[in-house]
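Hi everyone, thanks for making time this morning. Have a look at the model on the screen, and then I'll walk you through a few places in it.

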Protein chains: 2
Amino acid sequence: MIKYEMIANKIRQRIQDGVYLADSLIPDQVSLAKEFKVSRMTVKKAMDVLAFEGLIFRKRGSGTYVKKTALKNGLNANLMEYEGLTQQLSGHEVKSQVISFTVEFPDDFIKETLMLDKHDPVYKIIRLRTVDGDPYIIEHTFMSVKCIPGLSEEALDTSVYQYIHNELGLQFGGAYRKIHAAKSSEYDQEYLGCAVDDPVLEVEQVVHLEDGTPFEYSRSRNRYDKRSYTVVDLQK
Amino acid sequence: MIKYEMIANKIRQRIQDGVYLADSLIPDQVSLAKEFKVSRMTVKKAMDVLAFEGLIFRKRGSGTYVKKTALKNGLNANLMEYEGLTQQLSGHEVKSQVISFTVEFPDDFIKETLMLDKHDPVYKIIRLRTVDGDPYIIEHTFMSVKCIPGLSEEALDTSVYQYIHNELGLQFGGAYRKIHAAKSSEYDQEYLGCAVDDPVLEVEQVVHLEDGTPFEYSRSRNRYDKRSYTVVDLQK
DNA sequence: CAGTGGTCTAGACCACTTT
DNA sequence: AAGTGGTCTAGACCACTGA
C-alpha cells in the first residue's frame with residue numbers, strides 16, 4: 001500500500017538474495033526512482049528505512065552501500081525486540097506459572113514510579129517462567145489497574161502485552177531498563193533451583209504507553225547460566 | 001543551517017521551557033509552517049526528529065502531543081549513549097590504568113568475530129577503570145590493527161574512541177552487546193577488589209565501523225555493587 | 001464535515017566525492 | 001565537471017479523528 005515501504009521491502013529482498021552484494025554500491029536514487037516509477041523523495045524515504053535497520057549506509061557525493069554485516073545482523077535484528085520470552089525461544093516449550101496474583105495499594109516507590117495516587121490499586125504478579133520445564137526467570141510485576149483494567153489470570157497465562165494491545169487497543173511507547181548482577185536470594189534459589197553461590201541477572205524495567213504513562217514496573221531475576229540480555233545499538 | 005533541525009531545536013526548547021506543556025497538544029503543522037515560514041514537509045521532518053527522541057507522539061486526525069515523560073526522560077536520554085565511562089560520571093575522577101598493552105595474532109574466536117585473516121595482528125589491551133580511586137571495571141579489549149593503525153598507549157589514557165573518530169576520521173556504525181551475570185574469578189577479585197562470593201556484571205561487545213567492519217571485541221567485568229547497564233527503548 | 005497528520009510528486013538547489 | 005545523496009518547496013490527495 002505505502003510506496004516507500006514496498007520499495008524498502010524490495011530492496012531488502014535484493015540484499016538478502018545477493019542481487020545487491022554486501023560491501024558494495026547499490027543503484028543511485030534517480031535510477032531507482034525511474035525503475036519503480038516514483039519520485040526520488042520516495043526512494044530516499046525507502047532508503048531511510050533500510051539505513052535505520054542497519055542494512056545500508058550512505059555517503060554524500062559517493063553513493064549508497066550495503067553494509068558488510070547486512071546479512072549477518074540484518075533481518076533478525078529487528079525481530080529481536082523485547083516481546084517477552086515467548087517469541088525468543090521458538091521450538092522450545094515456554095511456560096508461565098503464576099505464583100501469585102493479587103491487588104494492593106502501592107508503596108511509595110511504586111506510587112512514584114507509576115505516577116499514581118496512593119489510592120490507585122496495582123496488580124502484583126509473581127510469575128515463574130520455564131523453558132522445557134527448567135526454571136529460567138522469576139518475575140515480580142506491578143501494573144497500574146487504572147491503566148490496564150480487567151486483567152485476568154487468563155491473560156497472564158498467554159501474553160499480557162497482547163491483552164493490552166489487542167483487547168484494550170493501547171499502544172506501547174517504550175521502556176526504560178536497568179540491568180544488574182546480584183547475589184541470589186533464598187527465594188531465587190527456591191524457585192530458580194540455583195546454587196547458593198550462583199548469581200542472578202536482574203532486569204528492572206518501567207514500561208510506558210504511547211503517551212508516556214508508565215503502566216508497569218517489574219524486576220525479573222534470571223538464572224545467570226541460562227539467560228543474557230542483548231542490545232543492538234544502531235548509532236542513529 | 002539546516003531548517004528542520006533549527007525548528008526541532010526551537011520546539012524542543014519550548015517543551016523544556018513549558019511553553020508547550022507535557023500531556024497536551026502543540027500547534028498543528030500548518031500553523032507551525034506559517035510561523036517558521038517553511039513548507040509543511042519541513043515542519044513534519046522536525047517533528048520526526050522530536051518523535052524519535054521520545055518527546056512527542058502523533059495521532060493522525062487528532063494532533064501532536066507532548067509526552068508525559070518528555071521532561072523527565074527527554075533531553076538527557078540521548079546523551080546517555082555509550083561513550084565510555086568518562087562522560088557518564090562527570091564530577092568524579094575517572095581514570096584508566098593500562099595493565100597490559102600487547103599485539104598478537106588472533107585466536108579462532110577473535111579471527112571470526114573481527115572478520116580477520118589469521119595473519120592480521122590485533123591489539124590486546126587490559127585496562128582497569130577507577131572512579132575516585134575505587135576500581136569499577138576491568139576491561140579486556142581486542143582491536144584490529146588493520147582497522148585502527150597507530151594506536152598508542154597515549155590514546156588509551158584518554159579515549160580510544162576519540163582517537164578513532166578525530167585522528168583517523170572514521171565513523172562508528174554501532175555495536176552489538178551481550179550482558180551477563182557471572183561469578184567473579186580470582187583475577188576479578190584481585191583487580192576489582194571484590195569478595196570471593198561477589199558476582200560481576202559482564203558486558204561483551206562487538207563494535208563496528210560505519211560500513212559494518214567489526215573493529216573491536218571487548219569483555220568488561222563490572223563490580224556488581226557499583227555498575228549497572230541501562231537501556232532506553234523508544235519503540236521506533 | 002472540518003481539521004489533523006501521512007504520503008507523494010516534480011522540480012529545484014546545495015554539499016560533497018570522484019574523475 | 002559530472003554524479004551522488006540531502007534539503008526544501010508548493011501543492012495534492014489520502015486516512016483518520018472528533019465535533
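Predicted model: local features only at pLDDT ≥ 70, side-chain atom pairs only at ≥ 80, totals over all residues.

Residues are numbered from 1 along each chain as its sequence is written, chains are lettered from A and ligands numbered from 1 in the order in which they are written, and side-chain values use heavy atoms, with hydrogens and water left out.

So, how are the two chains related? The same surface serves both copies, since 100% of the contact residues of chain B recur in chain A, contact meaning heavy atoms within 4.5 Å.

Now the domains, whose bounds come from an automatic or database assignment. Chain A is divided into domain 1, residues 3–73, and domain 2, residues 76–230, with their C-alpha centres 38 Å apart. UniProt, in an unreviewed entry, lists residues 1–69 of chain A as "domain: HTH gntR-type"; such annotations may be inferred rather than shown by experiment.

Let's zoom in on helix α3 of chain B, residues 40–52. Helices here are DSSP runs of H or I with at least four residues, and strands are runs of E with at least two, numbered from the N terminus. Which residues of α3(B) are buried? They are Thr42(B), Val43(B), Ala46(B), Met47(B) and Leu50(B), where buried means under 20% relative accessible area with a 1.4 Å probe, protein chains only. These buried residues fall within an arc of 145 degrees seen down the helix axis, so they line one face of α3(B); the arc uses directions from the axis to the C-beta atoms. They pack against α1, β1, α2 and β2 of chain B. Just after the helix, Gly54(B) has a positive phi of about 85 degrees.

Last stop: Gln29(B), in helix α2 of chain B. Gln29(B) counts as buried, at 15% relative accessibility. Beyond its neighbours within four places in sequence, Gln29(B) is in contact with Arg40(B), Val43(B) and Lys44(B).

Technical notes: Expected span 1.5 Å × (residues − 1). Buried < 20%, exposed > 50% of the residue type's maximum accessible area, 1.4 Å probe, protein only.
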